[in-house]
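Here is a short tour of one protein model. Keep the sequence and the 3D view side by side as you read.

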Amino acid sequence: MERKQGLTAAQLFEQGVCIDDGNNKVFDFCFERPAMIHGHRLKSCTMGAYGFYNAAGLASAYRTHFGRYSQVGESTIVGPPEHPMTMFSTHPFAFSRPSHMPKMYQMPDFARISPGEDAGPSWADSETSTDTYIGHEAYVGAGSFVRRGVKVGVGAVIGARSVVTRDVPPYAIVAGSPARVLRYRYPDHLIERFLKLAWWDYDLGLVTHDVNWADTQRTLEFLEQKVADNALAKLVPETYRVSSVGKNYSLEKLAAPLY
């Protein structure tokens with residue numbers, strides 16, 4: 001695959017991702033263009049086309065897969081690593097290895113209490129397969145916390161400052177600590193139609209001037225008819241992997257879209 005090194009934020013913008021200049025907190029991030037990341041911290045995450053973070057504040061996400069048209073507010077934390085509750089200690093020395101936290105274990109004081117790489121698989125190794133999912137067009141409100149491993153459904157809305165500890169159904173509106181379902185955005189029969197249509201799979205740029213997005217019922221009917229007539233092209237965005245390298249970035253073009 002094509003790979004470029006030493007790119008600036010301005011050059012990344014030309015490739016369809018907005019990352020603030022000087023942001024060195026993006027690691028192994030795969031995205032469908034376009035995507036808006038700004039100055040937030042993302043580690044081992046993916047984002048579908050038209051997904052975006054609010055430009056303000058500082059947010060972080062770990063091993064999280066954001067769907068197309070997903071929206072994330074400022075000061076959110078999504079999918080952070082967890083610590084074991086039943087081991088001798090919750091401190092990383094008891095459940096990690098130097099390769100997991102190299103900076104920490106570069107300090108001789110921490111290295112002294114590390115089991116070392118030759119101690120075999122650790123609890124942290126088993127946690128690396130636990131990912132978090134934010135569905136297409138889902139909205140994570142400002143200041144929210146989403147626990148690692150949670151699945152937030154398509155079109156769901158998480159109220160500001162919520163603590164999400166369990167899966168969220170499609171098109172549900174949840175809030176609180178712990179978050180609970182307050183209501184749904186649409187009645188069941190409309191939710192079924194939205195999920196069947198899967199409008200995020202199509203190139204809306206071809207029809208955006210033909211609909212009134214404020215009129216849900218007519219827009220839904222219009223797009224359903226377009227799909228039935230095979231008159232709406234699939235969205236096939238260019239897809240890349242980007243990582244911070246010093247003050248600049250590496251960029252690798254991937255063979256296929258994420259969705």
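Predicted model: local features only at pLDDT ≥ 70, side-chain atom pairs only at ≥ 80, totals over all residues.

Strand E9 (residues 60-62) pairs with strand E12 (residues 77-78) over 2 bridges, in the parallel sense. Ala61 has Val78 in E12 as its bridge partner.

Another open sheet has 8 strands. The order is E1-E22-E21-E4-E7-E10-E13-E16, and here the pairing is mixed. Strand E1 (3-7) and strand E16 (151-152) are the edge strands, each pairing on one side only. Strand E4 (residues 29-32) and strand E7 (residues 46-47) run parallel and are joined by 2 bridges. Find Cys30, and you will see Thr46 of E7 opposite.

**A hairpin and its neighbour**

Next, go to strand E19 (residues 172-176). Strand E17 (residues 157-158) runs parallel to E19, and 2 bridges join the two. Val157 stands opposite Ile173 in E19. E19 also pairs with strand E20 (residues 179-184), this time antiparallel, through 5 bridges. Ala175 stands opposite Arg180 in E20. A hairpin of 2 residues links E19 to E20. Pro178 is found in the loop between these two strands.

Is Val26 buried or exposed? Val26 is buried, because its relative accessible area is 0%, and the cut-off for buried is under 20%. Leaving out residues up to four places away in sequence, Val26 touches Ile19, Ile37, His40, Leu42, Val242, Ser243 and Ser244. Val26 and Gly67 are 41 residues apart in sequence, and their C-alpha atoms are 18 Å apart in space.

Asn23 lies in the loop between strand E2 (17-19) and E3. Asn23 is buried too, with a relative accessible area of 3%. Which residues is Asn23 in contact with, leaving aside neighbours within four places in sequence? They are His38, Gly39, His40, Ser244 and Tyr249. One of these contacts can be described in detail. A polar atom of the Asn23 side chain lies 3.3 Å from the backbone oxygen of His40.

Most residues other than glycine have a negative phi, and most peptide bonds are trans. The table lists some exceptions.

| Where | Feature | Angle |
|---|---|---|
| Arg33 and Pro34 | cis peptide bond | omega about 5° |
| Ser177 and Pro178 | cis peptide bond | omega about 0° |
| Asp28 | positive phi, not a glycine | phi about 50° |
| Tyr69 | positive phi, not a glycine | phi near 60° |

Where do these residues sit? Pro34 is in the loop between E4 and strand E5 (35-38). Asp28 is in the loop between E3 and E4. Tyr69 is in the loop between strand E10 (64-66) and strand E11 (71-72). Asp28 counts as partly exposed, because its relative accessibility is 35%, between the cut-offs of 20% and 50%. Tyr69 is buried, because its relative accessible area is 17%, and buried means under 20%.

**The second largest pocket**

Rolling a probe the size of a water molecule over the atoms shows where empty space is left. The second largest pocket has a volume of about 230 Å³. How many residues line the second largest pocket? The lining has 13 residues, and those nearest the centre are Tyr186, Phe194, Trp199, Trp213 and Thr219. Helix H6 (188-197) and helix H7 (216-228) are the elements that give two or more residues to this lining. H7 provides the largest share, 4 residues. By class, the lining of this pocket has 8 nonpolar, 2 polar and 3 charged residues.

Conventions: Residues numbered from 1 in each chain as written. Heavy atoms only, no water. Pairing = 2+ DSSP bridges. Buried < 20%, exposed > 50% of the residue type's maximum accessible area, 1.4 Å probe, protein only. Contact = heavy atoms within 4.5 Å. 1 Å grid on protein atoms, 1.4 Å probe; cavity = no way out; pocket = protein on both sides within 12 Å on 5 of 7 lines; lining within 4 Å. Points joined across faces, edges and corners; volume = space filled by probe spheres on them. Nonpolar A, V, L, I, M, F, W, Y, C, P; charged D, E, K, R; others polar. Polar contact = N/O pair within 3.5 Å; in protein donor to acceptor, adjacent residues only side chain to side chain.
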